[in-house]
Every structure is written in C-alpha cells, then in structure tokens.
Amino acid sequence: MAFKVAVIGAGSVGFTKTLISDLLKVPEFAECEFALTDINPHNLDMVRQIIETIVSVNRLPARVTATTDRREALAGARYIMSCVRVGGLEAFATDVNIPLKYGVDQCVGDTICAGGILYGQRNIPVILDFCKDIREVAEPGALFLNYANPMAMNTWAADLYGGVNVVGLCHGVQHGAHQIAQVLGVEDGELDYVCSGINHQTWYIDIRAKGRKIEKDELIAAFERHPVYSRQEKVRIDVLKRFGVYSTESNGHLSEYLPWYRKRPEEIGRWIDMSDWIHGETGGYLRYSTERRNWFETDFPMFKEQAGKPLSEYKRTSEHASYIIEAMETGRVYRGHFNRRNNGIITNLPDDAIIESPGYVDRFGINMIEGITLPTACAATCSVSVSVQRLSVEAAMSGDIDTLKLAVLHDPLVGAICTPDEVWAMVDEMVVAQAQWLPQYAHAVPAAKERMAKSTVRTRDWEGAARKRVRSVEELREMSGAHH
C-alpha cells in the first residue's frame, strides 16, 4: 500500500528518525511517501539524508521529500505528524526565567504553570495554521497526530477550532508503566493497566502484574525499596501514598502541576533529586536543551551510521504513531493511550476537556473506552488543570490579555505563590518579552509596556531553589569529543 505521511517540525532530527523508522518496520508501508518539512533548512537537510539512507540501505521503494514549503509537504497527505516548538529556546528561556522573578520555580514549564500557558499562546495560532493547510490540501479525512506540547491545549484548539481529525500523542504512560514493571520485578509485557486522566496528569487506576491485581500498599512498598526510584521520585511516591494511585509523569513535571511541592524555596530540595534534570531541577529542561542546542550537529554522524544498518537490527519503539497508522491501514487492532475530547469517556471530568485515556484503533479509526471514573482526588486535581487549559485556549483564540491573566492566576502553582498584582505584572512582562511570537496580542503590547514602566510590584533576582549552571560551549565540545 502507498500513502503519504508528512512530518511538520521534521528538523527535530532524532525524533523524526524514530517515527519514520517505526513506520518502516511495518512491511506494508515500504512504498509510502515521507514528506519532511521544517522552517530550518539545515536541520531539514540533515534529517532528509538520514531517512534517505535508511530507505536506500534497506532497498525500499519508499519516497522521501523535504521542503520548507509546508503546504507542499501536506498536499495529499493522509497522516500528518507535528513535533514543533514555537519560539525555540529563546522563548523557552522567558517561560522559565521571568516567572522566577515572581517566585514561580518550574522544572519544565511546557504543560501548564506560567511557562506552559505562554507556550500554548505561541503554539495555538501556528497549530491552527497547520489545520487550515490540512483542511485545504491534505487528503480528505486526514489524521493530524500532534506530539507537540502543551499537549492538551494544542489538541483542544485543533479539535474545537481547527476542523480536523486530531489525536494527541505522548509517551509518558509507557515510561511510567516501565517503572512500575521494574519495581514489581516483571517484564513490560507482563504488566497490564488502565491509565486515565489528562496529559501529564494521567493515573494508573488499575494495575495487573502477570494477571494479579496490584494494590496501593504493595506498590508503595515496591517504590520505597527501589534503590533509584525511592530517591528520584519523591513527589510521585508521596502523591501515591495520599491519592492511592501512581502518576505517569516524572517527579519534576508532577511537582510543577500541583500547588504543594514547589511553593516555598526552602521546601523544594526536600522533594527533588538533582541526579538528572527531569527529577525537579529548577529550569532543568531549559538547561538540558540549551546545553544540547547543537546536538544535531554533534550526533549527526552517529545518526548517519545508525541509518546505514539494516532495519532488521532496529527495534520498533513504543511511540503510538506507527501503531495507530498500522491499525488504520491494515486492521490489526492496537490498544494505546490517546488524547481526545472527553465527551463522557471519563465520567467525572468535563466533556469539553482533552483527556488521555485508553482506546483501540482499527480500520474504523480511534475508538476510546467510555465510562471510566477517576478516583476523586485525581479528578479534583485534573479538573483544576482543565479549567486553566480552557481559559488558556480561550485567551489564545481571542488575544484577550485579561483572559490570559485569569488563566495564569488560576494555575495551581502560580496561585500558591503569587498575589493577583504579581500575576498581572508577570503576564505583562512575558507578553512583552514574547511579542514576536504572539501576533494575537500585538494590540495589547503597548499598554502592557506602559504598565510595566509604572509597576510597583517587587521582583527578585533569583535563579531558583535548585539550579545547575549551563555549561560553556567549550566544555560541551570537549565532552562531545570524548563521548564520540
């Protein structure tokens, strides 16, 4: 069978290589066309070379194209995958560093909290541009597979306003399940589970190891005796004790979605682990990304070398995309966890929310399992975030800075730290700093600048409670040379 798959943001070299390699492991997809598009022609050329090498070495009839013209890439596509970061590291730095001046200490800042909300404001107009192109030039009924954060906000906008068939995809559920299997001493394939909630706040509400139901106390004991996770996942273990269920998301991520663990600087160190950024380091993902801003260049020879090996040596990953497409094209049923509009799938979350929950895929498309009820504490926590996401999408669509401020005000962590005056000042500062990526707020920027000039809100010069320094280019080059 032959059809076209387009990748927007294909300059994310390693991830694009993974997604397409997964697809090429499906024998029926050997004749597909892979259309790569990105605004960065250099990265686009690198990923084109890698994918062309894979196709050539394996003597596949697949076709590979690369263009900076997005509409050209999307023309006639049946499946469109997006993995874009609007504003890049320059905007991301303001997502993290401006809130720090107001006491908001984030580890990642890409889902909710001040950084995630502003990230959504940048992404949503671009996501809707993608949807417009999909409606106009892609194959009728094309499926838009969104991998870009903030997952719920992006998918919400595409679903409600984009007029396309969309599913949001993440790998947090698989990664958390792998942890659970490890602490229980079973293989991944021996673990069954129902995991449901919203993206990055999804909960393992039923766990079976080799068919045996795992209760709360057994899971707590398993995590507490694990030599690594007992140190790295203190927030997740504490939430497990109090809520009775384990969360999909990493320690650092989860700590910034809740109002309890990062609200006082002197308390943060109690809950995080500095062995790796993902366990709660202040601005951890920003530091990691900044240090690796040129990793495409460094790792390109390695990617090319890997691409020269036969696909028989490549192990297909657990990313959902290839399995969804395989199920829709071949009828081989796939069970995964997908981000879709709720509409009663989870009984105690709002119908308009974008939820992440189990579903099955076949030739008829993605079919979600309905009638799941979350534990009350999980539903309460998710409902707060859903309200923030709803306000954030409304703000992004209207360009109303007051609605944006209300979204940030209602964020759990921001609300635990900031007064309303501080929130209003912080949002003004973030909108001014990010004006080039926020066209819908252009009319609001002059007044925001005036308010900033007159503001009496006190800020502080603070790097956060748990900050590692960004290494120099020279250090990274030496490390890279030693590694390769």
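**View 1. Cys195 sits in strand β7, which covers residues 191–198.** Strands here are DSSP runs of E with at least two residues, helices are runs of H or I with at least four, and both are numbered from the N terminus. This is a predicted model, in which local features need pLDDT of at least 70, side-chain atom pairs count only at pLDDT 80 or more, and totals for chains, interfaces and linings use all residues. Residues are numbered from 1 along each chain as its sequence is written, and side-chain values use heavy atoms, with hydrogens and water left out.

**View 2. His253 belongs to helix α11, residues 251–257.** The relative accessible area of His253 is 7%, so this residue is buried. Apart from residues up to four places away in sequence, His253 touches Val108, Asp110, Thr111, His200 and Ile278.

**View 3. Helix α5 (residues 113–137) crosses helix α17 (residues 401–409).** A helix pair is described by the angle between the two axes and the distance between them. For α5 and α17, the axes come within 9 Å and cross at roughly 150°; axes are lines fitted to C-alpha atoms, for helices over the stretch in contact, and angles run from 0 to 180 degrees between N-to-C directions. The crossing is right-handed, the term for a near helix turned clockwise from the far one by less than a right angle, with anticlockwise being left-handed. On the α5 side, Ala114, Ile117, Leu118 and Gln121 meet Leu404, Ala407 and Val408 of α17. This contact of α5 with α17 has 6 nonpolar, 1 polar and no charged residues (Ala, Val, Leu, Ile, Met, Phe, Trp, Tyr, Cys and Pro are nonpolar; Asp, Glu, Lys and Arg are charged; the others, Gly among them, are polar).

**View 4. Helix α5 also packs with helix α16, residues 376–398.** Their axes lie 9 Å apart at an angle of about 55°, and α5 and α16 are therefore oblique to each other (under 35 degrees is roughly parallel, over 145 roughly antiparallel, 65 to 115 roughly perpendicular and the rest oblique). This crossing is right-handed. Ile117, Gln121, Ile124 and Leu128 of α5 make the contact with Val388, Ser392, Val393, Ala395, Ala396 and Met397 of α16. By class, the contact of α5 with α16 has 8 nonpolar, 2 polar and no charged residues.

**View 5. Helix α17 meets helix α19 in a right-handed crossing.** The axes of α17 and α19 come within 9 Å and cross at roughly 120°, which means that α17 is oblique to α19. Ile401, Asp402, Leu404, Lys405, Leu406, Val408 and Leu409 of α17 meet Pro420, Val423, Trp424, Met426, Val427, Asp428 and Val431 of α19. The contact of α17 with α19 has 11 nonpolar, no polar and 3 charged residues.

**View 6. Helix α19 (residues 420–433) has buried residues along its 14-residue run.** Buried here are Val423, Ala425, Met426, Val427, Asp428, Glu429, Met430 and Val431. The buried residues of α19 pack against α4 (88–101), α5, α17, α18 (412–417) and α20 (445–454).

Terms used: Contact = heavy atoms within 4.5 Å. Expected span 1.5 Å × (residues − 1). Buried < 20%, exposed > 50% of the residue type's maximum accessible area, 1.4 Å probe, protein only.
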